[in-house]
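Here is a short report on one protein chain. Please look over the sequence and the model before reading on.

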Amino acid sequence: VQLVESGGGLVQAGGSLRLSCAASGSTFSINAMGWWRQSPGKQRILVAAINSGGSTTTYADSVKSRFTISGDNAKNTMYLQINNLKPEDTAVYYCNTVPFSTWGQGTKVTISS
């Protein structure tokens with residue numbers, strides 16, 4: 001599976017963004033997908049995940065009230081809606097699948113205070 005993230009940018013604190021993750025290739029093999037983020041100088045962490053049917057989602061405690069993960073199977077695309085952005089959300093956001101695929105280039109999100 002090949003993954004391409006998009007939708008990042010420079011946003012003021014309190015704003016919103018919607019990130020997209022387009023999957024191509026052997027998408028029939030995907031059981032679940034997730035969004036990870038890597039802040040400067042920190043490890044990449046999982047912030048949200050969704051099963052292939054979209055019926056089950058899970059979030060890191062730090063983002064639970066502000067992030068919404070969703071998917072459109074017809075478009076082979078997953079989304080991450082981020083509301084009330086905070087400076088600590090500054091990171092490169094990556095998507096990946098279960099089973100794992102090669103990481104994409106990520107999309108950079110920068111929040112100005």
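This is a predicted model: local features need pLDDT of at least 70, side-chain atom pairs count only at pLDDT 80 or more; totals for chains, interfaces and linings use all residues.

Residues are numbered from 1 along each chain as its sequence is written, and side-chain values use heavy atoms, with hydrogens and water left out.

## The whole chain

The protein chain has zero helices and 10 strands. Here helices (H or I, at least four residues) and strands (E, at least two) are DSSP runs, numbered from the N terminus. Read from the N terminus, the order of elements is β-β-β-β-β-β-β-β-β-β.

The radius of gyration of the protein chain is 13 Å, which agrees with the value near 13 Å for a compact globule of 113 residues. That radius is taken over C-alpha atoms, and the globule rule is 2.2 Å times the number of residues to the power 0.38. Along the principal axes, the C-alpha atoms fill a box of roughly 40 × 25 × 25 Å.

Of the 113 residues, 41% are buried. Buried means under 20% relative accessible area, exposed means over 50%, and partly exposed lies in between (1.4 Å probe, protein chains only). The accessible surface comes to about 6000 Å², and carbon and sulfur atoms hold 50% of that surface. These areas come from the Shrake-Rupley method with a 1.4 Å probe; for residues, only the protein chains shown count as cover.

## How the strands pair

Two strands pair if DSSP finds at least two bridges between them. Strand E3 (residues 17–24) takes part in two of the pairings described here. Five bridges link E3 to strand E1 (residues 2–6), and the two run antiparallel. On the other pairing, E3 meets strand E8 (residues 77–82) over six bridges, again in the antiparallel sense.

Glu5 has Cys21 as its bridge partner, while Met78 in E8 is the bridge partner of Cys21. Arg18 stands opposite Gln81 in E8.

E8 also pairs with E7: six bridges join these antiparallel strands. Asp72 has Thr77 in E8 as its bridge partner. Is E8 mostly covered or open? E8 is mostly covered, with five of its six residues buried.

The hairpin of E7 and E8 has four residues between the strands. Asn76 sits in that loop, between strand E7 (67–72) and E8. Another asparagine, Asn84, lies in the loop between E8 and E9. Neither backbone is that of a glycine, yet Asn76 has a positive phi, and Asn84 has one too.

| Residue | Phi | Relative accessibility |
|---|---|---|
| Asn76 | about 50 degrees | 33% |
| Asn84 | near 50 degrees | 42% |

Asn76 counts as partly exposed because its relative accessibility is 33%. Asn84, at 42%, counts as partly exposed as well.

Which bond joins Val98 and Pro99? A cis peptide bond does, with omega about 0 degrees. Pro99 is found in the loop between strand E9 (91–98) and strand E10 (107–112).
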